[in-house]
Structure formats: structure tokens, C-alpha cells
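Here is a short briefing to read with the model open beside you.

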Amino acid sequence: MAEFNDGARTRLAADLQKAIAGSVGFDNGSRALYATDSSNYRQVPIGVVQPRTVEDVIATVALCRKYDAPLLPRGGGTSLAGQCCNTAVVIDMSRHLDAVKSIDSARKTAIVEPGCVLDDLREAAERHHLTFGPDPSTHDHNTLGGMIGNNSCGVHSVMSGRTADNVNRLEILTYDGLRMWVGPTPDSELEQIIAAGGRRGEIYGRLKSLRDRYAEFIRARFPKIPRRVSGYNLDDLLPEKGFNVARALVGSEGTCALVLAAELRLVHSPPGRALAVLGYPDVFSAGDHVPDILRYKPLGLEGLDDRLIRYMRKKPLHAEDLGLLPEGNGWLLVELGGESREEAAEKVKALCEDLGRRPDAPHMKSYTNMADEARLWEIRKSGLGATAWVPGQPPTWPGWEDAAVSPEKVGRYLRDFRKLLGRYGYDCAIYGHFGDGCIHVRIDFELTSQAGIDKYRRFLDDAADLVVQYGGSLSGEHGDGQARGPLLSKMFGPELIQAFQEFKDIWDPAGKMNPGKMPQPAAPDAHLRLGAGFHRDKQSTVFQFPADGGDFSHATLRCVGVGECRRHGGGVMCPSYMATREEQHSTRGRARLLFEMLQGDPLNGGWRSEAVRNALDLCLACKGCRHDCPVNVDMATYKAEFFSHYYGGRLRPRAAWSMGLIHWWCRAAGVAPGLANFIGQTPGVSQIAKWAGDLAPQRRVPRFSREPFREQFRRRGYRRSGGNRVLLWPDTFNNYFHAETAMSATEALGRAGFEVVLPERVLCCARPLYAWGMLDLARRQLSQILATLGPEVEAGTPLVGLEPACMSVFRDEMLNLFPENKTARKLAENSFLLGDFLTRNDYRPPRLRRRAVVHTHCHHRSVLGLAGQRKMLDALGLDYRILDSGCCGMAGSFGFERDHYEVAMKIGERTLLPAVRALDDDVLVIANGFSCREQIEQGSVRRTLHLAEVLRMAQRQSAS
């Protein structure tokens, strides 16, 4: 807002900092961080508040009222229609107001705070065999407040309805300061409230008048379909709906009031689930079958087309799971439930038998195994990630991504919709909640030229006309926001648009709640994040970014804002967010800041931006995002590139020299490891050494081996004649600290029939250099590797390594720095971790009847893959489980550094360290990464073993 100048912003920020316990972020970095959501839109906020308590919310609203500042309540920030970005004070409820306050299993209700993550509620409710029915694909990180704001739905809304159908009461706060609970209102109570007068009485009186004047329009023009999400829920004010004020506010997108708490309806959660997957000639035929399948009362009924599967194969995404689908070019996933898995399986069997008798019977597969079902649901859940940034395809965007029609019309609507796309020359994959008639797409709109934007506007008009022709809703899940709000008159007519405006005015007469959205939104092409004036200046970078056409600025556009990196557990991404719950420490937050850095307003400083540096400081470079992010944002690489510019011509911190150059320090220490251990292990002396290196005083300096591995190998003459040659990579850590691991690997390769050789000279993959942006030095190190190993690589000699962080360099950073180098590509194709290599060569180790837990190095999971290690552990006969422990927190040098110690330990204590401490003494702890082993051993006092050492243990046990 032009009238809200820097002076007013400064004064408001100062008053907020005095008044509330939560955080106040009115700096340019915080404002840039919240400038967009998952939509096509961008509006820089006035500032950001993260309240700790409800009292903080009340105080924030009061001060915004004093300064006449608009407000935007925000949850997970994943909205796709632009309703979650505005030039306003953003109140981020997700950071602290995230509790499940109570569950009443008898009444089947729960009370939650607005920032509560859906899966936290579902986990608590499942203890009572209950669940909250609506479950969008973002269920592991979206908030209930956000779901209430958007009237979210999800896979299982076919069983339980929209969020509006599952809200009993809401505690709300209006911009003018009224705090109250609202819900269903019997006539007698309604009259009492009105008679009592005051602001509450005024609101209820005006709502009653609105209802009475527009009742017939509401009954006539509101679509009678499961997924009518568009517009305000004025139908919930009708007498037959019980004048439910809470449900009328659901889906109002923060334009009427703030939610302080919600009482939600819980439903029975069938403990038994089974899945039928049906394959059809095309997605239209799949849509035709929806009404028949609904007769079986599925818990979920989802559809997807052949383009979606084709995109997944291109990326690749879940490629190993696509074989679970039956033959076809369109599919339905039908989940049926029962009180036991057997009962659910019988229902699936009956469904398939009935369908099999039809002349147009689909191809069918049924699944009762939970693991297979989970893999299939991941395919469906990954729809957005599969359709964004597909190699060889134009980028796709939201804007028309969730229209809904009656379920019996799905097949016909999809045929007409595909024809409409064809007339405009657009393409997209189709998937969605077919059982509710809700269709999801991301379309290849061109939003950087005026001609492309004009075409986009014309398409929206025609697409809206098509949906209205089918009696549908412009939005079936994601809300109207700015993308579809201007089109609502086509669906509702001018009378109901006027009613929507009156509804908004009743709650927010000052017009300060999320202004410019419903019911009088800005045009669909206003505030575009790209837009006709958008241009990207190609940056001069060290990394070549081949996946982004050699353009770093293109890489900064990758993030689609879906927020998978905001999960509180599971997977690797994003460990620093899991520890801090701060948006700037999520992959999404960092990606958005890098995008904003290149725009230059409000974020200034370019490559020297302190806001970007601060956000990247806690990036562990774990590469979890490279694997877990649906669009493969690679923040570790972006961080290295940024720091190479940020520190250009500057003196780096002491930790950069002590840890970044660790290869050279180790080479020096390897000459006299006894002296090095005296310095590192002796009290007093070691503290000085740690201070000099800017290391955490709590950390123990790792002990050097008595003799480096290369010296032991040379002295002992480990060679096996007659076998195929294999290069063993003596990485810095296993060469100087864990020489016994490298010796164990040498023995295992020898037993497998290979002649083990080492590189002719001491080399380093340069992994420690990336964290500090020492990319020129890293390039020289890798050039040296290519020159030294070139003859062996060209001869086809495989390279086998032990440290996942090092081996991932050959698959990742090397190809990013030398994308056209044939030797680099060949090395990437022919380099393996020990377990992968032995598995590929059918090595069968002796059996080892022991129990074990396995912690997986982040790069092993994200870059190299776990299949080979799993097969080798199976071949050993171990009774093992792989911990879902994410990043250990050490992450190379990260956890050794003084400034990062507390965060590193918080990450380790999230899952890994408590799990290891709880193990029986006879359980083996297997971890291949040096930093992982250090974190476990220093944090749990449990010895760890590398896979190579486990193989040696098996061999010795077999020989004894």
C-alpha cells in the first residue's frame, strides 16, 4: 500500500516488538520470504508476525487497527490461488500456535489451534480409532487453519466431506477486536444473540437479514455437488443448515476474521484398508466408471492419466513403483475399508469380480499389502511434483487447477476440457479426486509476455464457462483467491456477488482483512510473480546448472511452494527446518530468498545479501531436497554457488579454513599421527586447537589411525592377481581416521575376486570445500582427479568408494562443474559404493545372524540410492531395520562448528540418537558416513560399523 510508508512500518514494528512475545520480522529479508505462496502471484508484505500465544494475536490485531494496517492470517503458505500473499501484516500461525488442545472420543470432536498440522491431529485421533476426514496431499505439513481458510478436501473427502462439513465451532477474532465462538445457531439462540445487541448482536442480525434476502438465490444457484468450494458458504446460513456461522466462515480465505481455535468433527477411521487399481483405455473412460464405483462407498476414489505417468518416467519420479499399475492409459485408485484388512480385501475382491463381468471391464490389480498401497498413494500424491518442471516440457503453472463437477459427469467433462485445451494449444496431465468430481491440472501457460497473458485470460473465461455449463464449481479444493475470484459472477450471478460483498462487510467493515481477494479481487493477471515485464539476467556461475539450461536464475524458479520441506518428521528434507520451524530455514524459504535476491526489491545486496547468507547458514547441504523435493530443488548446490560469490574477495571464517581444508590438514597429520592425536585428545591443548578452528568445545576431535590406510595397503601389498581391476577410493576420512574400514573393504573386494588398486597419487573429491563456496579450488581438485584417473576410467575400471559424501561428488557436483566432459560422465556411470558394487557383481557374503539398525547417510539416500545396500544386508542374513532418522545433524563439518553445534544436536536428538540409545547392547549399529558415525558415537556412546566392517565380521565368524 502506497500510504503505508517506511516510517509507519518502522513504528508499527517497534510497537509490536514491545507488545508481544512472538517474533516480529519487518526487515526486508522477512518480507521477501513471505512475498508469495504456491500460486502465480507475488505481493511483498508490510511485515511478518509469528505469535506465541492467542494474546499475541489479539495484541497484533489491535496494533494493526491502530495503524490502519491490513492483515493476512497464514498457515502453511501453500495456497495455489494467491489468497496467501498480500501487502499486509502477515500473521504466521504455524510456528507456535500448533497444538491439539483436546480430543473428546465420546463426542468424536477435537479442539485445535490454527497452526496445528493435520497429521498431528490425525495421529492423536487414531489412538481412538478416529480421524479428521479431509486430507490434502500436503497432510504432513499443512495446517488446520489453512484448511479452514481454503475449505480443503483431499483424498478421503469422498468419505467425510469438505473441511466445512467437519467444522463444529470456531473461535474467531475480528479486525475490530471482537472475540467469540461461532457455530450452529438454533432460532431461539439466534434471537437472543440479536436482542443482546453489541457488535456480536449486530453481526448476527445482519447475517440473518442477508440470509432472508438472498435465500432463494442461494438455493437456486449454489451447485449441488460434493466439491463446491468457490464463494462464501452462504448456504450454511439457511434454516435447513442450522444457521451455522462457523461453516459459513470456512473457505473465506482470511477475508472476514482470524481463527484462534477450532472444534472439529472426527469420524471413524476403518482400521482395515485395501486398494483396487483399475486400468482403462483412457482417463475419460475411467471418469465414466466413477458413478458405478461410488456405489461401493469407497474411502477414496482417485484418477490419473497417461501423461502423468509419462512425466513421472521422464523425471524420473517413483519410476520403480509404476509397475504396480495395471495395463491402461487412465487409472482409478479405489480404496475400500472395513473393520479388518480381511474385510476390506473381501470388498475389493467383490468390486473386481463385479467389474470383471462388464463388457467394458478394466484391467485390474488389487493390493492388501500396506507397503504396496503406500507406494501407489505416493504416485498419486506426487501429481503436482510430477507435472512441474518436466524435462523437455514447457514449465507448468497453477491458475486453473481444481475445477469440480458432479461425479457422474466426470468423463464427459474431461473430454470437453481436453478439447478446450487443444483449441488453445495447451497441454497438461490430468489427475485428481474423481470420486468427488474434482480435477487437478497444471497447464503450460506462458506468463512472461503480454500475448501469453492475454491468451491465459481468454482461456480462464472459456474454462469457467465450460464448468458452469456442467453445473460445477470453479474451485473444488484450492479456493478462489485472485486466480478465480474475478470469474465468480459467471457461476453465481450478480445478486450473489452482491451478497458475498455484504457478507464480507458484516465481518470486516474496514476492509482490512486480506484485501483485494474475495469478493472483489484484483484481476487474474495483476500482481503476477512473473508477468509481461519479467526478465532474468543470466548469472555468471561456477556450477553449470545443466538441468536448468545453464541458468541459475531458472533454478531459483524451481520451487513451486508446496512446502514438502516443512514436514516435521519423515524423510531427510529439511533437517534445519525440523529443528527450528522457521520458514527461512526451509528449502522453500531459501529458494524464495534466492529468487528475491535476483529481483532486488525489497531484498537488496545481490550475492552479498545478508538475509540470504543467514538463511543458507543452517543449510546442512544434506541434499535431502534433491531427492525429497517434488521438483528437485538442490539447495546444497545453490548454497555452494551463493557462498562462492558472497565470500569472493572476502576473508572467510576460521571454520572454513579448519574444516574446508581438512584434506590438507589430514595429510600433514598423517606424517605424525601420534602428535596430531596428542594435540586433539589432550585436555587444554585440544581446547586451544578447537578454538583456533572455530569448532564446538563440546565436540571430541576424531582420533587419527596409527597409520593411514594408503601406507598400510602399500606395506602389506594387498593385490590379487588374475581378477578384474577395481579402483578403491581412499577418501580422506577412511584413509586417515578409519583405516580399518578401508582395509575391511580391501579384503571384501579381494574375496569377491577383484584385484584392488589405489589411485597413483593422494586425491580429494573436494566435498568439504563446497559448504564454504571454495569452488575454484574444488574445480582444481576435480580436474586433478580426472587427469589422474583418466586412463583407468577410459579402460572401464570401476571406482569403488566407502564414504557416501565423497562418492556423491562423482554423480553430482562433478557433472555440474564439467557437464560436457566425457571422462566425468564415464566416471559417474562407473563409480559405486561398496555395497552397490558387490551386489552388481553377485557377491554372496557369509551369513551373519545378528540384529542391526542402519542409519543412512543423506547423500547415500538422495544421490546414490539404497537398493544395493539393502540387497547386501539381505544377503548377509541380518535381521535389520533402516531407521527413518533423516539427517544425523553432523553433516560433514556442520555439526563440528561452534555456531552450529546446538542445531546439529537438536537434529540428532529428533530421532536418531534416542533410537540408538534405546537399542540392546548386542544390536549392531551400521552407518557408512564418517560424520554420521561421529554424531552417533559422540552422542550415544555406541560404536558404529561400516558395511565393510560388517562384511569382515561375517567372514571371520564364518571362518571360526
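Contact here means heavy atoms within 4.5 Å. With that in mind, L170 touches I148, M180, W181, V182, A246, L249, V250, V259, A261 and A262, leaving aside residues up to four places away in sequence. Please keep in mind that this is a predicted model.

**Nonpolar cores**

- The largest nonpolar core has 211 residues. L170 is among those with the most contacts inside this core, together with W400, Y413, F459 and F503.
- Another core lies apart from the largest one and has 35 residues. Among them are A748, L749, F837 and I926.

**The open four-stranded sheet**

- Four strands make an open sheet in the order β1-β2-β4-β3, and their pairing is mixed.
- Which strands sit at the edges? They are β1 (23–25) and β3 (71–74), and each of these pairs on one side only.
- From one strand to the next, the twist averages 20°.
- Inside the sheet, strand β2 (residues 47–50) and strand β4 (residues 89–92) run parallel and are joined by three bridges. To find this pairing in the model, look for V48, which stands opposite V90 in β4.
- Helix α3 (residues 54–67) packs on the sheet, where it touches β2, β3 and β4. The direction of α3 makes about 175° with that of β4.

- Strand β5 (residues 100–104) pairs with strand β6 (residues 109–112) in the antiparallel sense, over four bridges. S102 has I111 in β6 as its bridge partner.
- β5 and β6 form a hairpin, with four residues between the two strands. In the turn, K108 has a positive phi of about 55°.
- β6 also pairs with strand β10 (residues 258–265), again in the antiparallel sense and over four bridges. Here A110 stands opposite L264 in β10.

**Cavities**

- How many cavities of 30 Å³ or more does the structure hold? There are 11 of them.
- The largest cavity holds about 90 Å³ of space.
- Its lining is made by 15 residues, and those nearest the centre of the largest cavity are C574, T587, C619, C622 and C625.

**Cis peptide bonds**

- Between M518 and P519 the peptide bond is cis, with omega near -5°. P519 belongs to the loop between α19 and α20 (552–555).
- The bond from M573 to C574 is also cis, and its omega is near -5°. C574 lies in the loop between α20 and α21. This residue is also one of those nearest the centre of the largest cavity.

**Positive phi away from glycine**

- N514 is a residue other than glycine, yet its phi is positive, near 45°. N514 sits in the loop between α19 and α20.
- Is N514 buried or exposed? Buried means under 20% relative accessible area, so N514, at 0% relative accessibility, counts as buried.
- R581 is not a glycine either, and has a positive phi of about 60°. You will find R581 in the loop between α21 and α22.
- R581 has a relative accessible area of 25%, so this residue is partly exposed.

**The end of helix α29**

- A692 is placed in helix α29, which covers residues 685–692.
- At 41% relative accessibility, A692 counts as partly exposed.
- The C-alpha atoms of A692 and S658 are separated by 8.2 Å, while the two residues are 34 residues apart along the chain.

Technical notes
Residues numbered from 1 in each chain as written. Predicted model: local features only at pLDDT ≥ 70, side-chain atom pairs only at ≥ 80, totals over all residues. Heavy atoms only, no water. Pairing = 2+ DSSP bridges. Core = buried A, V, L, I, M, F, W, Y, C linked by side-chain atoms within 4.5 Å. Buried < 20%, exposed > 50% of the residue type's maximum accessible area, 1.4 Å probe, protein only. Axes fitted to C-alpha atoms, helices over the stretch in contact; angles between N-to-C directions. 1 Å grid on protein atoms, 1.4 Å probe; cavity = no way out; pocket = protein on both sides within 12 Å on 5 of 7 lines; lining within 4 Å. Points joined across faces, edges and corners; volume = space filled by probe spheres on them.
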